[in-house]
Amino acid sequence: MKVLVVDDEPLARERLAALLAEIDGIEFVGEAANGREMLEATSRDRPDVILLDIRMPVMDGLEAARHLDTLENSPGVIFCTAYEDHALAAFEANAVDYLVKPVRRERLGAALAKARRWSGTQARVLEQAVEPGRRRTHLCARVRGSLVLVPVGDIDYLLAEDKYVVVHHAKGEVLIEEPLKSLEDEFEGRFVRIHRNCLVALEKLAGLTRTPDGRLFANVEGVGATLEVSRRNLPALRKLVRTL
Amino acid sequence: MTRKAVPNWLPQFCSAPTLFAVMLVAELVALVIVLAPEAQPQPWLRRLGVASVYVQWLALLCAVVLCSLRQVFERLPARSGFILAWVLSVSITAIASALICRVDQALGLGLSVPPAASLRFVLDNAAICALISAALLRYLFVLEQWRERVNAISKAQVDALQARIRPHFLFNSMNTIASLIRTRPAEAERTVEDLSDLFRAALGADDGHGSLGEELDLIDHYLRIERLRLGERLRIETRLDDLPRDFALPRLLLQPLIENAVYHGIQPRADGGTIELGGRRLGAGVEIRVRNPLPTDAPVRRNGIALANIRARIEYHFGVTAALEIEPGPDHYTAIVRLPGVMLK
């Protein structure tokens, strides 16, 4: 069984690696210092189980676990945490494996033996239980079998096309399979809806242009694209632009 | 009935303020006596003089007796003490009145009453004393209970504000130690020592008062542990020369600021950052600055409670001239503590 260790503290990783070395049938395949690195390492090393710390910079463990769903054959996840009084109850309620630090070897062995496959829906439920109203820091897309992570702060606008949403961001564009409405709800206040099929990052919104034929377009900072504003969304948008 | 440890609801009767209060009450009683209508009218000034001398003498006598029996009262439950004090005052008054009567009649001064009215005089005085001392003692008793309650409440408030180290820190440190034991036992040992010092201070082993020097050492121990945990990500710059190490302050007053800086400033950053800890003298007082970088995609800061707690403790111990100021910047966060020279509590 291949195991990946994810923790932002070098000594914590060191200890888990040492414990894993003492358990038969376990192959320690690598380590990562945050959720982003974990997702990269996961598509590279294909671990069966991930030991995942919850509090980490850049992308925390809960969010990283949620993105795992994007992968085919996502690995099992065992959360490790130092102290999350309210969170532990949420883990138990969702029948998720978790270990408290310092981790005991016997507990680690037992958890590895029953490590579960991980579903994104489960992750979402858990996230909301641990911290209601939390938002992801990244959107995650699968491009040719590997994961592409887009920091939410880099997104210029989101355009719905068929059953996909195209994420236009600083370094290009990717497709994700999420309804625009749920993105709008999750990142309320960060994006503004200008059209039935379009959300624009509020801080990238540079202004509105009216064409001679009376149509209205939104200008997005640093992007050549002009996006049409629908009549229905205009009043709300006007109000927002005025308060900026 | 449960016995209180120190049932000192009776005030120190020998102290000047209490004696003054007793004399004031006695004088009021004398005035009331003089104002009451009397069968044989006499000049009121003369009556006031006689009554005052008499009542003051009785009141002071009672005060002295209660004062000298203080140790007895301290051993008694509040209710028995109350009854004893009352019975004592009434008996003293009765006996003293009888004595005065006798002396006055023997000397023929005519200041009190004719012999025929002696008994009535003694009983009247005892009754007056019984009423007034009952009211007075009851007042003192209620006052003391109220004071006790107020003290209990403010003690509870200060206890609630007592510096607490985050539980996260304890368990993360334990994890660090567990890891070090395998590879670097000497560092594990030192970390156990550092952690013990911190928790000894946090658990309030003594009165909770220390010096600035001790506080800076605790901060040093704290940072040493966190540096093991966060590695290269945590960098420290200190400019603390010239600070008076013997400056008195409550223990763990400043450490929470450093902990906040690590928790909200360094930990959420992938590449960590530098905490700048600066301090200087400010007349008789000191000024301490803690500056930390903010996470790039700053989430909502949720340490409002921690800051309010530190602020309340500073104010409680140093009064309103002390201050905790926050300078939030776009990419840095600075907390500044200014403490005047003298700690109040």
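These notes cover strand pairing, the chain contact and the nonpolar cores of a predicted model.

1. **Parallel pair in chain B.** Strand β2 of chain B spans residues 234-239, and strand β4 of chain B spans residues 273-282. The two pair in the parallel sense, over six bridges. For a landmark, find B:Arg235, which stands opposite B:Thr274 in β4(B).

2. B:Gly279 has B:Ile288 in β5(B) as its bridge partner. The hairpin of β4(B) and β5(B) has two residues between the strands. In that hairpin, B:Gly283 takes a positive phi near 65°.

3. **Contact between the chains.** Chain A gives 16 residues to the contact, and chain B gives 20 residues. On the side of chain A that touches chain B, nine residues are nonpolar, three are polar and four are charged.

4. **Largest nonpolar core.** This core has 99 residues. A:Leu52, A:Val200 and B:Ile258 have the most contacts inside it. Helix α8 of chain B, residues 212-230, supplies the largest share, eight residues. In soluble globular proteins, nonpolar side chains tend to be buried together.

5. **Around A:Leu52.** Set aside neighbours within four places in sequence. A:Leu52 is then in contact with A:Val6, A:Met38, A:Gly61, A:Ala64, A:Ala65, A:Val77, A:Ile78, A:Phe79 and A:Cys80.

6. **Second core.** A separate core has 16 residues. Among them are B:Leu10, B:Ala51, B:Tyr54 and B:Val55.

Technical notes:
Residues are numbered from 1 along each chain as its sequence is written. Chains are lettered from A and ligands numbered from 1 in the order in which they are written. This is a predicted model: local features need pLDDT of at least 70, side-chain atom pairs count only at pLDDT 80 or more; totals for chains, interfaces and linings use all residues. Two strands pair if DSSP finds at least two bridges between them. Helices (H or I, at least four residues) and strands (E, at least two) are DSSP runs, numbered from the N terminus. Two residues are in contact if their C-beta atoms, placed from the backbone, lie within 7 Å. Ala, Val, Leu, Ile, Met, Phe, Trp, Tyr, Cys and Pro count as nonpolar, Asp, Glu, Lys and Arg as charged, and the others, Gly among them, as polar. A nonpolar core is a set of buried Ala, Val, Leu, Ile, Met, Phe, Trp, Tyr and Cys residues joined through C-beta atoms within 7 Å. A residue is buried if 20 or more other C-beta atoms lie within 10 Å of its own, exposed if 12 or fewer, and partly exposed in between; C-beta atoms are placed from the backbone.
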